[in-house]
Amino acid sequence: MLQVTDLHASVLDTDNEILKGLSLSIGAGEVHAIMGPNGSGKSTFANVLLGRPDYVVNSGTVRFDDEDILGLFPDQRALRGLFLAFQYPAEIPGVRPWQFLKAALDAKRAYAGEKPLSVRDFSKLFDEKVEAVGIDPDLVKRSLNEGFSGGEKKRNEMLQLEMLEPRLAILDETDSGLDVDALKIVAEGVNNLRSPDRSFLIVTHYQRLLNYIKPDVVHILVDGRIVETGGPDVAMSVENHGYEQYIKAAAAD
Amino acid sequence: MTLATARGEKYAADFKALTESRPVGDWMAELRQRGWDHFDSIGFPTARRGNELWKYTNLATLDRGKFGFQLDEPNSVSAEVLRERAPWSDDWNTLVFIDGRYSKALSQVSSDDGVQALNLTDAENNETFRKNLGLHAAADENAFSALNTAFLTDGAFVQISDNHEGTSPIHLLFVTTPASFRATYPRTLVVAGTNSRATVMESYIGLGDERGFTAPVAEYVLNSGSGIDHYRVLVENEESFHIGITRVYQSDNSTFTSTSFALGPKIGRNDVHVLLDAPGAECTLNGLYLTTGDQHMDNHISTTHAKPHGTSHQFFKGVLSGNSRAVFSGRVLVEKDAQKTQAFQKDLNLILSHGAEIDTKPSLEIYADDVQCAHGATAGHTDPETLFYMQARGIDKVTAQAMLMRGFASEIVDLIGVDGIRDYVHGVVEEAIPRLQAAAD
């Protein structure tokens, strides 16, 4: 589904290269985790996949369903089925979660050649998902993310994930700042959506979330490169021994 | 201080013609003359350095003598056109003015013991009317109050009886029909009796695309314990000149809550002054302005707290595109006696183009020592972070930007408590969004 080959990316208008030859491949239905120490480039990678304009891709390729997506705008990538659950979701004054999601879902359906859902059908779906994700119904009457706590913002990201049903969902440190209950809700959301044609890429610093979402493949990212790829045992090794072993090995290369 | 300029003879000729062809009683004739004399002595203000009140606003065009008062009967307008183009509800009490002239045929005023709403020339002998007209917007306050007073003809007089509540909204609808360089001088006086409640809306609606000049003056007098919800809608056209003056006088424990909306005219000014002249008065002034092209919109908003325990809010928002310019000049003056005053001011702007400019100057002038006051202003472009977030959900950039504009504006639009006005303003904003976007960077 996703093939990333030798990806190099820098912060816009600087020589500061963050991704230094990253390659990985995610098959349909797989759950991958990317772990790494602070500053290794995990979040940069997640954002580059969606085309955040703060980064420039210097070389390498990203193919999604065999299509080169690096030339596409973020919305075009989203319409093809990519989704990023943001580490720091934007606050949007005057736009209610309902309006926002309606616009997003309408766009998705239009791309697929489908009519927009009627307000009634959309509302029904929306209310169901709000309840499933455990969001306070009063919260969704406010402006999107405005005055939401960290946990509420993350739940709202999960609401969007469940509503939009992407083909590849990238979770950028969704676990940071969450208590165990919230963590379980995130995990439940992901686990419910797991299917043979939907894949996940879970970006995290800690092994914690992976207790609840069992990944098929775990990658260790150090200094903009993947230095280790394996099964869930790799995550356990990080939990027990930290990243030091991988940082040393990467420095020795 | 305003400075006299060389001005065209047109206004003088118009004034003479008006006096001859539309005679009024001695009382009003004298008032007109006072207005004219003052205008004649000072002329239009100039946008020159040192003229603090007008330094951003270039009025030279007004001075070239092209704008003329229309003595002929106004063009006819159908009720259907009004319903289509102006805020309208059959549930309201509506006074309609076409090109400055009262239209009895188009107006809809239901009889209500508690409210009098009539053309001001029919009110000339009313005691309350005589006592208050020109008391708060004095003929010699400035060039525009002077000019408006000089050309006093038709206008609205609304009187709400003591303790009267529950009247349907009163709509004062000032419509201009297509014509080049017509000048109109709408006048409004609203007096709210003790402990009364009312909703009063002023709309200035242009039916044509031609350049006109509208210089309304509205006076609001709130007696003890009274409350007025006020709306002011300006949707003339992008060639129009509109210099509006609103003066509000508040007695103890009265509440004036106002929301204004302006779709950029060529040159516009919303000049509001509220005097909280007795303890416990409360005043809220909200506003939204949208400008593009080479429009200029000036909100000159001032509140004076003269007595203790008053509360005031000023909350304005602007969306600017093209090479337009807007001014928010907000002033709150807390006088020495006005202890326990609470005053808040905020002006937030969304700037869509590099050519657009906002001059925002919220200012607090405080002479009392036990007060709670705060002010703030921002001017920013669409946040790229927010745009990326929205795009990452599949929403294209143009749609995302429109949603952000809509969201930004809705914070003021949603404050409008009368459905028919809110829906109308909402519709105007929706129509304006693509035009503002087209002129964005």
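Helices (H or I, at least four residues) and strands (E, at least two) are taken here as DSSP runs, numbered from the N terminus. The structure is a predicted model, in which local features need pLDDT of at least 70, side-chain atom pairs count only at pLDDT 80 or more, and totals for chains, interfaces and linings use all residues. Residues are numbered from 1 along each chain as its sequence is written, while chains are lettered from A and ligands numbered from 1 in the order in which they are written.

The loop between β6 (170–176) and β7 (182–184) of chain B holds B:F181. This residue is not a glycine, yet B:F181 has a positive phi of about 60°. Most residues other than glycine have a negative phi. B:F181 counts as partly exposed because it has 17 C-beta neighbours inside 10 Å; the scale calls a residue buried if 20 or more other C-beta atoms lie within 10 Å of its own, exposed if 12 or fewer, and partly exposed in between, with C-beta atoms placed from the backbone. A positive phi of about 60° is also found at B:K340, again not a glycine. B:K340 sits in the loop between β19 (325–334) and β20 (342–351) of chain B, and is partly exposed, since 16 other C-beta atoms lie within 10 Å.

The largest nonpolar core has 188 residues, and A:I170 and B:V175 touch the most other members. Such a core is a set of buried Ala, Val, Leu, Ile, Met, Phe, Trp, Tyr and Cys residues joined through C-beta atoms within 7 Å. Helix α7 (residues 397–413) of chain B supplies the largest share of this core, eight residues. Once neighbours within four places in sequence are left aside, the contacts of B:V175 are B:V77, B:L82, B:A86, B:V96, B:F97, B:I98, B:I205 and B:L207, a contact being a pair of residues whose C-beta atoms, placed from the backbone, lie within 7 Å.

Helix α5 (residues 143–150) of chain B is mostly covered, with eight of its eight residues buried. The elements that cover the buried residues of α5(B) include α1 (10–21), α2 (26–42), β8 (187–192), β11 (217–222) and β13 (241–250) of chain B.

Where the two chains meet, chain A contributes 22 residues and chain B 19 residues. On the side of chain B that touches chain A, the elements giving two or more residues are α6 (384–391) and α7 of chain B. Of these, α7(B) gives the most, with eight residues. That side of chain B divides into eight nonpolar, six polar and five charged residues; Ala, Val, Leu, Ile, Met, Phe, Trp, Tyr, Cys and Pro count as nonpolar, Asp, Glu, Lys and Arg as charged, and the others, Gly among them, as polar.

The helices α6(B) and α7(B) also pack against each other, at an angle of about 120° and with their axes 9 Å apart. Axes are lines fitted to C-alpha atoms, for helices over the stretch in contact, and angles run from 0 to 180 degrees between N-to-C directions. The angle therefore makes α6(B) oblique to α7(B), on a scale where angles under 35 degrees are roughly parallel, over 145 roughly antiparallel, 65 to 115 roughly perpendicular and the rest oblique. In this pairing, B:T386, B:L387, B:M390 and B:Q391 of α6(B) meet B:K397, B:A400, B:Q401 and B:L404 of α7(B). The residues of this contact are four nonpolar, three polar and one charged.

Helix α4 (residues 119–133) of chain A packs with helix α5 (residues 150–164) of chain A at an angle of about 135°, the axes being 9 Å apart, so α4(A) is oblique to α5(A). Here A:L125, A:K129, A:V130, A:A132 and A:V133 of α4(A) make the contact with A:R155, A:M158, A:L159, A:E162 and A:M163 of α5(A). These residues divide into seven nonpolar, no polar and three charged.

Two strand residues complete the survey. A:F200, in strand β8 (residues 199–204) of chain A, is buried, with 25 other C-beta atoms within 10 Å. Not counting residues up to four places away in sequence, A:F200 touches A:V31, A:H32, A:A169, A:L171 and A:V190. B:S363, in strand β21 (residues 357–366) of chain B, is exposed, with 12 other C-beta atoms within 10 Å. B:S363 and B:R331 are 32 residues apart in sequence, and their C-alpha atoms are 4.8 Å apart in space.
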